[in-house]
Amino acid sequence: MTSMTTDIDTCAVPRRPAASTRRTMKAAVFVAPGRIELQERAVPEIGFNDALVRVTTTTICGTDVHILKGEYPVAPGRIIGHEPVGVIEALGIAVSGYRVGQRVIAGAITPCGQCHSCLDGHPAQCGGHAIGGWKFGNTIDGCQAEFVRVPNAMANLAPIPDGLTDEQVLMCPDILSTGFGGAESGNIRIGDTVAVFAQGPIGLCATAGAKLRGATLVIRVDAVPTRLAQARQLGADVVVDFRAEDPVARILDLTGGRGVDVAIEALGTQATFESCLRVLRPGGTLSSLGVYSGKLELPLGPFAAGLGDHHLVTTLCPGGKERMRRLMNIVGSGRVDLKPLVTHRFTLDQIEQAYELFASQRDGVLKVAITP
Ligand SMILES: [Zn+2]
Ligand SMILES: [Zn+2]
């Protein structure tokens with residue numbers, strides 16, 4: 001976990017109340033590259049500031065597939081998953097303002113709310129080191145399990161408004177927060193022209209976010225027909241199939257050669273990053289959401305040799321309860337409908353099957369709902 005963690009956070013205390021008599025639970029565990037398997041594990045103990053949440057719905061993220069493939073290292077034995085929807089099972093003795101039985105979500109990123117990064121406006125970098133706010137399924141056990149320990153519960157538990165189903169809020173912990181984050185970090189203004197490269201679930205949410213922030217022309221690039229259709233539903237004005245045409249030439253054409261005001265990268269490859277730069281006007285913003293591996297190179301022509309007044313900004317999924325509250329408000333308002341993103345459903349017992357489907361991107365899969 002983070003350097004800001006104190007002994008008090010991790011020391012086990014009696015739960016209040018001891019609602020659960022269960023001692024073990026099923027959980028999806030990273031064993032080794034290529035192997036995530038369902039195991040019987042101890043139900044987590046909680047500390048003074050923690051909550052125990054009984055997971056009612058969760059999902060698999062593209063990042064989990066990176067973990068499965070060994071491309072993002074986590075410790076063998078780690079319970080995976082960072083998108084919890086559930087019910088409070090028990091609260092640490094220092095936690096107030098919540099009750100057992102309450103339906104809640106927690107963000108994929110669980111900032112402590114107290115360290116200098118959190119208080120300085122960068123809670124995703126909690127603890128003062130890069131990616132420090134991402135704890136679930138990374139540096140502490142995650143939520144592809146029957147129960148999950150939520151650290152710093154008062155900073156992270158967000159009650160689900162009445163009337164919203166698990167599936168309606170399932171995208172809030174990560175996908176919606178990250179996708180919207182790309183639009184927000186891009187500082188999209190009313191009347192902007194925006195290109196979004198890659199229309200996976202995060203790219204789709206970035207498109208919806210661009211529209212909500214007032215972009216008047218949103219151009220989405222992908223090659224998967226179901227995703228392009230979804231893109232239209234979520235607010236794309238023009239969809240470009242990069243297999244059928246050169247997306248850079250098409251976007252420059254659509255903008256009269258001017259280039260877009262904001263280009264959002266939602267995949268994490270050299271090609272998409274570079275394309276973003278090639279369609280960006282001087283002074284525009286490249287908002288990057290992708291997770292890159294290996295080396296990333298800046299082509300000097302489109303980068304204007306470093307003199308184009310370009311803004312390059314990266315975003316890790318914003319977390320914390322206030323962020324979650326706002327995102328659930330958006331869902332409740334009906335401004336975006338994310339239910340179509342859930343294309344497949346599995347029980348926790350079937351999670352290995354779910355990983356196989358999700359990792360192979362078969363059958364038009366966008367997101368899977370997993371119910372313990
Ligand atoms: Zn994720
Ligand atoms: Zn912090």
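# A zinc site and a strand in a predicted model

Q: Is Cys118 buried or exposed in this predicted model?
A: Buried stands for under 20% relative accessible area, exposed for over 50%, and partly exposed for anything in between (1.4 Å probe, protein chains only). Cys118 has a relative accessible area of 12%, so this residue counts as buried.

Q: What is the mean pLDDT of the protein chain?
A: This is a predicted model, where local features need pLDDT of at least 70 and side-chain atom pairs count only at 80 or more, while totals for chains, interfaces and linings use all residues; side-chain values use heavy atoms, without hydrogens and water. Residues are numbered from 1 along each chain as its sequence is written, with chains lettered from A and ligands numbered from 1 in the order in which they are written. The pLDDT score is the predictor's confidence in each residue, from 0 to 100. In the protein chain, 95% of residues reach 70 or more, and the mean pLDDT is 92.

Q: Over which residues does pLDDT stay under 50?
A: Contact means heavy atoms within 4.5 Å. The model has 53 contacts beyond four places in sequence for the stretch where pLDDT stays under 50, residues 1-19.

Q: Which residues coordinate the zinc ion (ligand 2)?
A: Donors are N, O and S atoms within 2.8 Å of the metal (3.2 Å for Na, K and Ca); water is not among the atoms, so sites may look incomplete. Here the spacing of the donor residues in sequence is C-x2-C-x2-C-x7-C. At 2.3 to 2.4 Å from the zinc ion are the SG atoms of Cys112, Cys115, Cys118 and Cys126.

Q: Why is the arrangement around the zinc ion (ligand 2) given a geometric name, and what is that name?
A: Four donors count as tetrahedral if all angles lie between 85 and 135 degrees; four count as square planar and six as octahedral if opposite donors are over 155 degrees apart and all others between 65 and 115; anything else is irregular. Because the four donor atoms subtend angles of 102 to 114 degrees, the arrangement is tetrahedral.

Q: In which helix does Cys118 lie?
A: Helices (H or I, at least four residues) and strands (E, at least two) are DSSP runs, numbered from the N terminus. Beyond four places in sequence, the contacts of Cys118 include Pro111, Cys112 and Cys126. Cys118 lies at residues 116-119, in helix 3.

Q: Which residue in strand 15 stands opposite Phe346?
A: Strands pair if DSSP finds at least two bridges between them. Strand 14 (residues 342-347) pairs with strand 15 in the parallel sense over five bridges. Phe346 stands opposite Ile370.
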